[in-house]
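Please find below a short note for a colleague who is meeting this structure for the first time.

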Amino acid sequence: MRELTPETITDAVLDQMATTPDPRLKAIMASAVKHLHAFAREVNLTPGEWIKGIEFMTLAGKMCSPERQEFILLSDTLGLSALVNGLHDKTAIEEGTHTSLLGPFYREATPTLKAGSSIAQNPKPGSECVLYGHVTDAGGKPVANATVSIWQTGADGLYDIQSSATSVDYRGVFTTDSDSVYVLRTVKPLGYSIPMDGPVGAMVKAQARHGMRPAHIHFLVGAPGYRELVTALYLRDDPHLADDVVFGSSGDLAVDVVQGDPDCPIKGMPSIRFDMRLSRESEADKTSGRVGADPAAIMKQARSGEKATA
């Protein structure tokens, strides 16, 4: 029998997992064990600290619901989501618009609206602006009939899903026209704090971080034959553009609210123009998935998995 010590335990675990039939799962778990054990040795992790970590993950799990995904928020605030997005970007056939985070507030059940419609149910008079742009391929060729899903916070700095599981506001799905243009009415987005009432918020506070996201609007864009684009626009004048707590913002996605834009499809209103370029779809793109998901869908899949193994 092998004598297990802090120096030999890692190899013992790897040897026991060596029978894993799925080669990708085997490689991921072997690397995870190596790095996890190396981390524990590097910081000389104590039993008390170990249990604190277990408690943290337990609390994060308890915070998850069809309206909230605390683990995605944790991944975002640790920069893991942005890292995985960046690694995914490098696999594209060609360079399109840079990605940004899907975030924990995306919803698959979003209404399809006509061009020029407002995604705000009850905007304050004078607060509206136009959001429009072109969707093209990487070379600038127009992409007609692309689906453009959009969501953002309301005037209170909250997403609809944070207020009610059933309300739908400040989100909608649009289709580009024959000239590749999408257009809608909304309100200028606000910067906001991530949810600070859970374990991730407590972690951010303990690190003396501000917890703020710069003002932004999310996009999920797709068209047959093209790689799905998950991105966001960011307002250039937001004070937290350079220190986004979830590391999702970047200068090339920053835009301005413009008065009197002659190209705006709806005249007489301030506007935001955000053009997007799609990369061609590869075979790998069809199975790679995206970073983030609808919290309700995650909970549904988890419940299905529990039933299947019961």
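The points below take up a helix, the cysteines, the aromatic rings, a surface patch and the salt bridges.

1. The structure discussed here is a predicted model. Its features should be read with that in mind.

2. Helix α7. This helix covers residues 199-206, and its buried residues are Pro199, Val200, Gly201, Met203 and Val204. These buried residues pack against two other helices, α3 (47-63) and α4 (70-77). After α7 comes Ala208, which has a positive phi, near 60°.

3. Cysteines. A search of the whole structure finds zero disulfides. For Cys264, the closest cysteine sulfur belongs to Cys129 and lies 9.2 Å away, which is too far for a bond; a disulfide would require the two sulfur atoms to be within 2.5 Å. Cys264 is buried, with a relative accessible area of 2%. Cys64 is buried as well, at 13%.

4. Aromatic pairs. The count comes to five aromatic pairs. In one of them, the ring centres of Phe105 and Tyr159 are 4.6 Å apart and the planes meet at 20°, so the pair is stacked. Phe105 belongs to the loop between α5 (80-89) and β1 (128-137), whereas Tyr159 belongs to the loop between β2 (147-151) and α6 (160-163); the pair thus links distant parts of the chain, 54 residues apart. Both Phe105 and Tyr159 are buried.

5. A tilted pair. The rings of Tyr106 and Trp151 have centres 5.1 Å apart and planes at 55°, so this pair is tilted. Because Tyr106 lies in the loop between α5 and β1 and Trp151 in strand β2, the pair ties together parts that are 45 residues apart in sequence. Tyr106 and Trp151 are both buried. Elsewhere, ring pairs join Phe105, Tyr159 and Tyr192 into a cluster.

6. Nonpolar surface patch. Leu36, Phe39, Val43, Leu45, Trp50, Ile51, Ile54, Met57 and Phe71 make up a nonpolar patch on the surface, and together they have about 810 Å² of accessible area. Helices α2 (23-43) and α3 each contribute at least two residues, and the largest share, four residues, comes from α3. Val43, one of the patch residues, is located in helix α2 and is partly exposed, with a relative accessible area of 43%.

7. The whole structure contains 12 salt bridges. Among them is the pair of Asp237 and Lys188, whose closest N and O atoms are 3.9 Å apart. Asp237 lies in the loop between β8 (229-235) and β9 (254-255) and Lys188 in the loop between β4 (181-187) and β5 (192-193), 49 residues apart. Asp237 is exposed at 57% relative accessible area, whereas Lys188 is partly exposed at 42%. Arg236 and Asp256 also meet in a salt bridge, with an N to O distance of 3.1 Å. This pair links the loop between β8 and β9, where Arg236 lies, with the loop between β9 and β10 (271-273), where Asp256 lies, 20 residues apart. Arg236 is partly exposed at 41%, and Asp256 is partly exposed at 39%.

8. Further salt bridges. The side chains of Asp263 and Arg273 form a salt bridge at 3.7 Å, N to O. Asp263 is in the loop between β9 and β10 and Arg273 in strand β10, so the pair ties together parts 10 residues apart in sequence. Arg273 is partly exposed, with a relative accessible area of 33%. Finally, a network of salt bridges links Arg68, Glu70 and Asp197.

Methods. Residues numbered from 1 in each chain as written. Predicted model: local features only at pLDDT ≥ 70, side-chain atom pairs only at ≥ 80, totals over all residues. Heavy atoms only, no water. Buried < 20%, exposed > 50% of the residue type's maximum accessible area, 1.4 Å probe, protein only. Contact = heavy atoms within 4.5 Å. Phe/Tyr/Trp six-rings, centres within 6.5 Å; stacked < 30°, edge-to-face > 60°. Patch = residues over 30% accessible without salt bridge, like charges linked within 9 Å, V, L, I, M, F, W, Y side chains within 5 Å. Areas by Shrake-Rupley, 256 points an atom, 1.4 Å probe, with all protein chains shown as cover. Salt bridge = Lys/Arg side-chain N within 4 Å of Asp/Glu carboxyl O.
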